[in-house]
Amino acid sequence: MKIGELSRRSGLSAHTIRYYERIGLLPYADRDRSSQRDYDASILVWIEFLGKLKTTGMPIREMLRYAALRELGSETGAQRRALLERHREQVRARVDELNACLLVLDTKIDGYADSDKRIVIMTQSFSNAANSRLERGKRALAEIDGEAGHKVIAALADIAPDFADYVFEFSFGDIYSRPGLDLRAREVATIAALAAMGNAAPQLKVHIEAGLNVGLSRAEITEILMQMAVYAGFPAALNGLFAAKEVFAARDMAA
């Protein structure tokens, strides 16, 4: 099989095939009497496998390492398996990350629906037993806290995974998903309560982020925290304002 046919059947350009051959990703082709490359059809299976590795994000250096081990024969089977197992774990982690991002996108898209319609949907969702508390909580957390909330839950995975489920089910699946208040009003209450407590700075920062996510402005959040001076004292208000300052600065830097 000449290089033109291999290019047509594999989807790789002739230039890419020559490049892969030159760096060692493809074995050197046999030559015919005219010194033209002549490939065996079995190389298509290898090229397809390389395509899967590339699609799943394996770096070229790891692909080259795998190809070199393959050339050494069956005695490198254990090493090749270990390399692929490591890559599989990386792929699974990436899939989980993409699924979490997809959940955020889904909830954001749903959020653009008419507010009255959203309340009806939330009410129906709350009374629908088929929609589990856990899934309802995950969706609410994704809409309210976004990435910051998922980081908190992920941090519990290796110490208290059941407690993470309790947070999803009770806090977000039961309370935050109730139809009586919209998410904006709930975050006003949460920010005020955490600031007044005075000992929950990490949670306060997460919910300041959440307030911004559901439509509170920076000025509104600042006013909420200033009002805590009346009911929780100046230290609580000051600490809350400094927490907000950190969140605002981090957002500005990310932007």
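Author: Helices (H or I, at least four residues) and strands (E, at least two) are DSSP runs, numbered from the N terminus. This is a predicted model, in which local features need pLDDT of at least 70 and side-chain atom pairs pLDDT 80 or more, whereas totals for chains, interfaces and linings use all residues. Residues are numbered from 1 along each chain as its sequence is written, and side-chain values use heavy atoms, without hydrogens and water.

Reader: How many helices does the protein have?

Author: Two kinds of element are counted in the protein, helices and strands. There are two strands, and the number of helices is 13.

Reader: Which residue forms a salt bridge with Arg92?

Author: A salt bridge is a side-chain nitrogen of Lys or Arg within 4 Å of a carboxyl oxygen of Asp or Glu. The closest N and O atoms are 3.2 Å apart, and the partner is Glu89.

Reader: How many residues apart in sequence are the parts that Glu246 and Lys205 tie together?

Author: Glu246 and Lys205 form a salt bridge, with the closest N and O atoms 2.6 Å apart. Glu246 lies in helix 13 (residues 234-254) and Lys205 in helix 11 (residues 201-213), so the parts joined are separated in sequence by 41 residues.

Reader: Is Arg8 buried or exposed?

Author: Buried means under 20% relative accessible area, exposed over 50%, and partly exposed in between (1.4 Å probe, protein chains only). Arg8 meets Glu5 in a salt bridge (4.0 Å, N to O), and Glu5 is partly exposed at 34%. Arg8 has 62% relative accessibility and therefore counts as exposed.
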